[in-house]
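This report describes how parts of one protein chain pack together. Please consult the sequence and the structure while reading.

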Amino acid sequence: MRHLRLSQVLILRVDALSNGALAVFLRAAPWDRLYDFFGLPLAEPPFYAQLLGAALVAFAIVEWALAGSPAEQTVTLAAAVGSALAAAVLAVWLLAADADLDTHGLVALWSVAAFLALAAAIHALVLARSN
């Protein structure tokens, strides 16, 4: 049986797609019904969520374009650090904040935090293997 090789190119491209998907969601911050559907707190003002979505689009383009290039190690390091920081910020916020979240919202946000932590670990693993 053939094993899937976790290359930096594959990891960066998958991460670029996941960042793009999250960016679309964040860019839809003014659409209250979408956030209500997932049980998430509304972004007030939605401007900040939209800015983060725009930044994620830019980073997704960088990840996709530089995968397989000599700069991919730097991009992989940036993705690992960014994902780890985002997971930590979200986890601390979920533990410390007095947010009025229903079960759906808690499950969704803890899932995002876990995904970000896993992404950071995979980026770090792939980076360590390449050295």
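Asn 19 is found in helix 1. The model examined here is a predicted one. Is Asn 19 buried or exposed? Its relative accessible area is 10%; because residues under 20% count as buried, Asn 19 is classed as buried.

Leaving aside neighbours within four places in sequence, Asn 19 is in contact with Leu 56, Phe 59, Ala 60 and Glu 63.

## The largest nonpolar core

In soluble globular proteins, nonpolar side chains tend to be buried together. In this model, the largest nonpolar core has 15 residues. Helix 1 (8–27), helix 2 (32–37), helix 3 (46–66), helix 4 and helix 5 are the elements that give two or more residues to this core. The largest share, three residues, comes from helix 1.

Within the core, Tyr 35 and Leu 109 have the most contacts. When residues up to four places away in sequence are not counted, Tyr 35 touches Phe 25, Leu 26, Ala 28, Ala 29, Leu 40, Pro 41 and Leu 42.

## Packing of helix 4 and helix 5

Two packed helices are described by the angle between their axes and the distance between the axes. For helix 4 (residues 72–96) and helix 5 (residues 103–130), the axes come within 8 Å and cross at roughly 150 degrees. Helix 4 is therefore roughly antiparallel to helix 5, since angles over 145 degrees count as roughly antiparallel.

The crossing of helix 4 with helix 5 is left-handed. Sorted by class, the contact of helix 4 with helix 5 has 22 nonpolar, five polar and no charged residues.

Conventions. Residues are numbered from 1 along each chain as its sequence is written. This is a predicted model: local features need pLDDT of at least 70, side-chain atom pairs count only at pLDDT 80 or more; totals for chains, interfaces and linings use all residues. Side-chain values use heavy atoms; hydrogens and water are left out. Axes are lines fitted to C-alpha atoms, for helices over the stretch in contact, and angles run from 0 to 180 degrees between N-to-C directions. Helices (H or I, at least four residues) and strands (E, at least two) are DSSP runs, numbered from the N terminus. Angles under 35 degrees count as roughly parallel, over 145 as roughly antiparallel, 65 to 115 as roughly perpendicular and the rest as oblique. A crossing is left-handed if the near helix is turned anticlockwise from the far one by less than a right angle, and right-handed if clockwise. Ala, Val, Leu, Ile, Met, Phe, Trp, Tyr, Cys and Pro count as nonpolar, Asp, Glu, Lys and Arg as charged, and the others, Gly among them, as polar. A nonpolar core is a set of buried Ala, Val, Leu, Ile, Met, Phe, Trp, Tyr and Cys residues joined through side-chain atoms within 4.5 Å. Buried means under 20% relative accessible area, exposed over 50%, partly exposed in between (1.4 Å probe, protein chains only). Contact means heavy atoms within 4.5 Å.
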